[in-house]
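Please open the model in a viewer and keep the sequence panel beside it.

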Amino acid sequence: MKTKPFSSPFLRSYGFSLLLLFSIGIGSGLGLLLKEDAALLKPLGDIFLNLLFTALVPLVFFSISSAVAGMTNGRRLGRILFSMLGVFVLTGAVASVFMMIGVSLYPPAAGVSITLQSAGKLQSLDTADQIVRAFTTPDFPDVLSKKNMSALILFAILIGLATSCLKERGRAFADFLTSASDVMIKAIDLIMYYAPVGLCAYFAYLTGVFGPKLLGSYFRAMTLYYPITFFYFFAGFSIYAYLAGKGPGVRTFWRNIVPPALTALATGSSVAAIPSNLEAANRSGVPKDISELVIPIGATIHMDGSCLAAVLKIAFLFGIFNLDFSGTGTLLTALGIALLSGTVMSGIPGGGFIGELLIISLYGFPLEAFPIISMIGVLVDPPATLVNSAGDNVCSMMVARMLGGKRWMNTVDI
């Protein structure tokens with residue numbers, strides 16, 4: 001979610017991110033100037049984190065449950081949705097694994113070490129019992145906690161499905177969920193007006209107490225993320241397009257993807273690129289009932305760029321807290337969290353921030369870790385949005401191939 005009190009299209013898209021970067025820069029400067037005395041500013045950052053975490057649970061519940069409650073039924077619709085979700089998960093997993101390889105070869109937080117009071121309570125999340133507790137709770141009040149985010153998401157989906165199944169009898173409750181979701185979106189919007197102050201204060205504290213080496217690690221992280229993301233954009237999407245339509249599929253994809261890709265990059269929004277993305281998909285021969293479902297939904301719940309970023313954030317935190325980011329259990333957990341961040345959580349307004357809160361909650365990182373990775377979220381936003389938007393287009397081609405075989409390629413504009 002981006003607050004947009006700006007006039008020009010560029011500032012409306014990136015103005016708030018620039019404001020956050022400016023405030024973080026000011027905070028870092030104050031930290032270098034005040035050094036350990038910058039800890040006096042930490043309460044201002046705590047206020048922001050506490051407000052955000054307080055609104056987290058109702059925001060996630062009402063946003064997801066209202067979205068699921070509004071779904072309609074139909075045989076072809078079901079087939080499209082099933083194929084679409086399969087493709088979304090597949091491409092998200094590929095993107096996540098791709099970044100895992102990158103962070104293994106080039107650790108983004110090498111040479112950085114932070115010790116915080118609550119850092120010793122991190123969870124390994126590598127046993128079956130911990131997985132059960134991650135997705136379920138023994139009592140209803142336990143669901144209403146940021147400590148049980150996965151269980152909350154599952155419960156919200158179940159409530160949404162139950163509401164949808166009741167049709168007219170559940171209409172009043174569906175309207176309530178929608179209204180409550182709108183209220184929480186507005187609440188988050190109001191809280192985010194305080195974000196520049198909160199993040200400024202927290203970065204002053206982090207820089208003053210832990211030193212400028214933390215800032216240098218961001219440059220290292222970006223030298224990893226940007227090349228990998230653009231390589232995935234060109235190589236990965238070419239492979240997906242080939243799987244969808246072989247040589248003609250690759251040619252028509254790259255011929256038509258430039259306008260929506262540039263729109264997404266310029267506006268910082270996958271939603272803003274939906275019209276040009278739909279037009280590009282139609283020119284590629286994707287049936288309208290597929291493109292008009294996959295692309296709008298994909299603009300909110302399909303984020304390969306966010307999957308790439310989530311793995312980077314997790315590896316970054318593991319590095320600065322001196323944890324070993326390796327082993328089957330650790331990597332599978334990171335893969336699951338990345339998929340949640342790039343699918344379920346990305347559909348929630350402010351999903352970038354909420355995904356970061358999910359990382360912190362599931363691993364048990366201290367709250368001070370939030371502003372550390374929120375900075376990464378701001379820095380990776382432009383290329384991530386580019387990948388997110390273009391990925392919706394190529395996924396619509398793959399869904400068309402899955403449902404129509406080779407027949408759909410007969411209408412491709414080659």
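Select residues 381-404, which form helix α17. Its 24 residues reach 35 Å from the first C-alpha to the last, close to the 34 Å expected at 1.5 Å a residue; the expected span is 1.5 Å times one less than the number of residues. Helices (H or I, at least four residues) and strands (E, at least two) are DSSP runs, numbered from the N terminus. Colour α17 by accessibility: 21 of its 24 residues are buried, and the helix is mostly covered. Here buried means under 20% relative accessible area, exposed means over 50%, and partly exposed lies in between (1.4 Å probe, protein chains only).

This is a predicted model, in which local features need pLDDT of at least 70 and side-chain atom pairs count only at pLDDT 80 or more, while totals for chains, interfaces and linings use all residues. Residues are numbered from 1 along each chain as its sequence is written, and side-chain values use heavy atoms, with hydrogens and water left out.

**The whole chain**

Now display the entire chain. It contains 17 helices and 0 strands, and 54% of its 414 residues count as buried. Contact means heavy atoms within 4.5 Å. Among contacts between residues at least 6 apart in sequence, 82% join residues at least 24 apart.

**Helix α13 and two partners**

Select α13 (residues 304-320) together with α16 (residues 369-379). Their axes are 10 Å apart, and the helices pack at an angle of about 140°. α13 is therefore oblique to α16. Axes are lines fitted to C-alpha atoms, for helices over the stretch in contact, and angles run from 0 to 180 degrees between N-to-C directions. Angles under 35 degrees count as roughly parallel, over 145 as roughly antiparallel, 65 to 115 as roughly perpendicular, and the rest as oblique.

The crossing of α13 and α16 is right-handed. A crossing is right-handed if the near helix is turned clockwise from the far one by less than a right angle, and left-handed if anticlockwise. Show side chains at this contact: on α13, Leu-312, Lys-313, Phe-316, Leu-317 and Ile-320 meet Ala-369, Ile-372, Ile-373, Ile-376 and Gly-377 of α16. These residues divide into 8 nonpolar, 1 polar and 1 charged. Ala, Val, Leu, Ile, Met, Phe, Trp, Tyr, Cys and Pro count as nonpolar, Asp, Glu, Lys and Arg as charged, and the others, Gly among them, as polar.

From α13, the residues Ser-306, Cys-307, Ala-310, Val-311, Ile-314 and Phe-318 take part; from α14, Thr-330, Ala-334, Ile-337, Ala-338, Leu-339, Ser-341 and Gly-342. The contact comprises 9 nonpolar residues, 4 polar and no charged.

**Helix α7**

Move to residues 171-192, helix α7. Among the buried residues of α7 are Ala-174, Leu-177, Met-184 and Ile-188.

Select Ser-181, also in α7. Ser-181 counts as buried because its relative accessibility is 7%. Beyond its neighbours within four places in sequence, Ser-181 is in contact with Phe-62, Ser-63 and Ser-66.

Next select Phe-173 in α7. With a relative accessible area of 38%, Phe-173 is partly exposed. Phe-173 and Ser-66 are 107 residues apart in sequence, yet their C-alpha atoms are 9.3 Å apart. Leaving aside neighbours within four places, Phe-173 is in contact with Ile-159 and Thr-163.

**Two loops and the end of the tour**

Which loop holds Lys-167? Lys-167 is in the loop between α6 (149-165) and α7; it is exposed at 52% relative accessibility. Its phi is positive, about 50°, although Lys-167 is not a glycine. Most residues other than glycine have a negative phi.

Lys-35, in the loop between α1 (9-34) and α2 (42-69), has a positive phi of about 55°. Lys-35 is exposed, with a relative accessible area of 56%.

Finally, select Val-209 in helix α8 (residues 195-210). Val-209 is partly exposed at 35% relative accessibility. Leaving aside neighbours within four places in sequence, Val-209 is in contact with Lys-35 and Ala-39.
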